[in-house]
Amino acid sequence: MLSRKFDKINAAPSILGFGAMRLPKLYADKEDIDYEKAEKMIDYAYAHGVNYFDTAYPYHAQMSEAFVGYALKKYPRDSFYLADKLPGWLVEKREDVDRIFEQQLERCQVDYFDFYLCHALNKEAFKNYEKLDIYDMLAQRKADGQIRHLGFSFHDTPEALEYIIDKYPWDFVQIQLNYLDWERQDAKRQYEICQSRGIPCVIMEPVRGGTLAALSEESAAVLKAADPSASIASWAIRFAASLPGVMTVLSGMTTMEQVVDNVKTMGDFKPLSEEEAAVLDKAKKIFLENTLIPCTGCRYCMDCPAGVDIPEMFKVYNNYLLGKNANGFIQAYEKMEDSNAEFCVSCGNCMKHCPQSIKIPTLMEEIRKCYMRLKNK
């Protein structure tokens, strides 16, 4: 599988990375990982050239790191690259950095991380890193060989990115980038900031939490007409990977079918041609005629103190916006029982953690009213 060389990176990570954020689960309402299914997915990806695996402290209710450590333990340590992240929001004092880092090494059953990130930085979160000089602590870990490459993942404005990226000598940056957010959330400008400084990018949310794998019928038809054999998701993956300066495109895969499709797309990777880019732009414009909630399903907003399953509620509503299937929306809404929009108390706690800055309580009220309107027709 393709890998790209960068001055700041003494490694050869695969252009496709395996994100361990949305692994198959044993139970619909719990984060427990289905080890049998998930391990088979990891094994297939590894066997087909994927060597970059990404996890984080909070993924799957703090169970992702342990699974990744278990799944990769059978392979030679120098045959894969492991990325993990420091949850800065849990750091109250400098000692917390060491405690969490050692815990992560133990969970992952490794002696070092190839890529280590300050997780989900924005302007406000970065203040704590500056206050406690956290970068210096991580830089010492790098000097000691426990971190090979040091970077950060980012959710904020281009201006905030410029401040953070210029503050320290980072090796790489992980940004949210896809063809929908290219202009809508100024992903283009963020990408250009990294490019201008010669810092390679890891791309997250290339399919925007699955949204770009399930386009409206009209926009999907445009892509299928151009290439009947290509999946809808493959267009989004290729868009991100076609950009110079992109080191790895992460995909948070949930099923073996997704793994097989992504490996097929990236195993013989071909950048988008000008003609294909024009086709994708046409499909995007059709898709944008539907106004969707920009939720990626990251679940940083959870757990809701009132019990609302916020990402699932947005997913149900977005499906309605795409297909206008009123009966399907009503059934899905009612199936959520005690976790639908009706139970939102507008406390606003969720908005403090949303990387997309979604006005969650306002939208929950909109969803509730939509349900009532359709139900009473």
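**Charged pairs and a patch**

Reader: Hi! How exposed is Lys167?
Author: Lys167 has a relative accessible area of 39%, so it counts as partly exposed. Buried means under 20% relative accessible area, exposed means over 50%, and partly exposed lies in between (1.4 Å probe, protein chains only).

Reader: Good to know. What sort of model is this?
Author: It is a predicted model, where local features need pLDDT of at least 70 and side-chain atom pairs count only at pLDDT 80 or more, while totals for chains, interfaces and linings use all residues. Residues are numbered from 1 along each chain as its sequence is written, and side-chain values use heavy atoms, with hydrogens and water left out.

Reader: Back to Lys167, which residue forms a salt bridge with it?
Author: That is Glu130, and the closest N and O atoms are 3.6 Å apart. Glu130 sits in helix H5 (residues 123-132) and Lys167 in helix H7 (residues 158-167), so this pair links distant parts of the chain, 37 residues apart. Helices (H or I, at least four residues) and strands (E, at least two) are DSSP runs, numbered from the N terminus. Glu130 is partly exposed too, because its relative accessibility is 23%.

Reader: What counts as a salt bridge, and how many are there?
Author: A side-chain nitrogen of Lys or Arg has to be within 4 Å of a carboxyl oxygen of Asp or Glu. That rule gives 27 salt bridges.

Reader: And Lys85 with Asp54, are they buried or exposed?
Author: Both Lys85 and Asp54 are buried. They form a salt bridge, with 2.8 Å between the closest N and O atoms. Lys85 belongs to strand E3 (residues 81-86) and Asp54 to strand E2 (residues 52-54), 31 residues apart.

Reader: What about Arg197, what is its partner?
Author: Arg197 pairs with Asp166 in a salt bridge, the closest N and O atoms being 2.7 Å apart. Arg197 lies in the loop between helix H9 (187-196) and strand E7 (201-204), whereas Asp166 is in helix H7. Arg197 is partly exposed at 28%, and Asp166 is partly exposed at 47%. Salt bridges with shared partners join Glu162, Asp166, Arg189 and Arg197 into one network.

Reader: New topic! Which residues form the negative surface patch?
Author: Glu159, Glu183, Asp186 and Glu192 form it. Patch residues have over 30% relative accessible area and no salt bridge, and like charges are joined within 9 Å.

Reader: Where is Glu192?
Author: Glu192 is in helix H9, and it counts as partly exposed because its relative accessibility is 32%.

Notes. Patch = residues over 30% accessible without salt bridge, like charges linked within 9 Å, V, L, I, M, F, W, Y side chains within 5 Å. Areas by Shrake-Rupley, 256 points an atom, 1.4 Å probe, with all protein chains shown as cover. Lys, Arg positive; Asp, Glu negative; His and termini not counted. Charge placed at Lys NZ, Arg CZ, Asp CG, Glu CD.
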